[in-house]
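Work through the exercises below with the sequence and the model at hand, trying each task before reading its solution.

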Amino acid sequence: MGQTIAEKILARASGQDTAQAGDEVLAKPDFVIAYDFPGYTDVIFKQMEEEFGIEQVAEPDRYALFIDHMVPAATTAEEELHEITRAWGKKNNVPVYERKGIGHQVAAELGYATPGAFVVHFDGHISQLGTFGTLAIGVRRHLLEAFVKERIKIKVPETTRIDITGTLRPGVTARDVFHHIVRVLGPRSCRGNVMELGGDGIAALSLEGRQTINCLAMFTGAITAIMNPDEKALAYIRERQRLDIDPLYSDEDATYAARHQIDVSDLEPVAVIPPSPANTRDLSEVAGTEVQVGYLGSCASGRVEDLALAADVLEGHKVKDGFQLHVIPTSQEIMEKAAEQGILTRLINAGAFISSSSCDYCFGRMGVMRDGQRAVSTGTLNVRGRMGSPDSEIYIVNAAAVAASAIEGRIADPRPYLERETA
């Protein structure tokens with residue numbers, strides 16, 4: 001019987017020849033990753049010593065910590081949390097990556113996204129490592145187990161396969177593709193499953209676009225997302241990967257919980273309407289809605305192609321007076337590339353505010369909105385209070401639409417601006 005890539009990875013991590021959906025296995029994560037956040041890592045560190053008597057982890061190279069929230073610290077409590085993380089890392093000889101950007105992106109840049117590897121985190125957005133054939137799962141309730149034991153008990157999940165076909169039109173991005181998947185299949189379509197993506201539509205996307213789709217998998221109910229790594233993915237990760245593991249691939253006769261095919265040839269830019277990430281509409285349905293804030297960034301959509309697309313829209317225009325356009329590159333590596341290519345200069349000249357890479361705008365620590373304000377955002381969520389007041393609203397759109405809306409001060413279709421650029 002054929003196996004999916006997820007089944008093969010969990011079989012390898014469990015020391016077994018095969019594994020099938022429904023099997024309970026004891027799998028050894030190749031990497032255990034976390035970012036410091038109050039009530040999570042600080043509690044885990046304390047429990048390790050006080051409840052389990054663990055003074056040091058046995059294999060420090062399997063662990064990685066990121067300081068990417070509350071950066072820079074604004075209170076003594078935040079800095080104390082960072083100090084706890086730094087001290088634990090030093091004591092355990094575990095690397096702590098600070099001020100390099102959002103950990104989910106930086107983890108790929110640093111080679112933790114090894115094809116065929118099994119990775120755990122407490123945050124589900126780690127699923128974006130699936131772009132490189134890595135099975136990366138958010139195990140929020142059970143991350144402590146991964147810190148105190150070599151192996152964790154896990155039930156091999158079923159897999160839902162989604163093939164994307166067709167060619168995207170100008171102004172339509174991977175961000176729109178993901179939200180269209182939710183619109184077509186529903187927010188519970190992959191509940192408890194691995195979402196496996198393929199098809200010529202995925203093959204045509206950049207790695208950055210694929211990372212966007214994989215990053216957002218949880219909004220289909222999936223526990224993670226993964227793609228069979230092609231040469232594009234392998235070429236990026238080959239010189240970065242930390243483990244020598246042969247890439248794994250789904251068998252042609254693998255068994256799936258469900259299979260779907262979605263043609264995106266006629267897809268238009270979309271908008272996700274507050275207050276739920278399941279409320280996807282054509283952007284044209286909400287065009288003209290007044291907005292005061294724009295956020296371009298997050299672990300989902302703050303990469304070079306997002307920044308470049310926004311700069312193309314803004315070329316020859318200025319951000320509307322009174323509109324706040326916050327641009328936060330997903331990592332320092334991305335910020336450096338965008339600076340080298342002149343993208344940041346173009347954004348600054350148009351009136352954007354550029355800030356260093358962190359998670360703080362996405363979860364409402366920075367750029368806070370007051371009652372009654374509306375934002376267009378490439379963040380991960382649009383629930384009430386996500387970016388400030390519970391009486392503010394967040395419309396999730398692609399990077400180009402954020403830029404077009406910044407020009408007009410209302411939700412706007414970016415395609416006329418892009419058509420001007422290519423004319």
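**Exercise 1.** Find which residues lie nearest the centre of the largest pocket, and state how many residues line the largest pocket.

*Solution.* The lining of the largest pocket is made by 20 residues, and those nearest its centre are Ile137, Gly138, Val139, Ala222 and Ile223. A pocket here is an open set of points on a 1 Å grid over the protein atoms alone, where a 1.4 Å probe fits, with protein on both sides within 12 Å along at least five of seven lines, and lining residues have an atom within 4 Å of a point. Next, the elements that give two or more residues to this lining are strand S6 (135–138) and strand S7 (152–155), strands being DSSP runs (E) of at least two residues, numbered from the N terminus. The largest share, four residues, comes from S7.

The model is predicted, local features need pLDDT of at least 70, side-chain atom pairs count only at pLDDT 80 or more, and totals for chains, interfaces and linings use all residues. Residues are numbered from 1 along each chain as its sequence is written, while side-chain values use heavy atoms, with hydrogens and water left out.

**Exercise 2.** Determine which residues lie nearest the centre of the second largest pocket.

*Solution.* Of the 21 residues that line the second largest pocket, Tyr35, His69, Asp123, His125 and Arg386 lie nearest its centre. Sorted by class, this lining holds twelve nonpolar, six polar and three charged residues, where Ala, Val, Leu, Ile, Met, Phe, Trp, Tyr, Cys and Pro count as nonpolar, Asp, Glu, Lys and Arg as charged, and the others, Gly among them, as polar.
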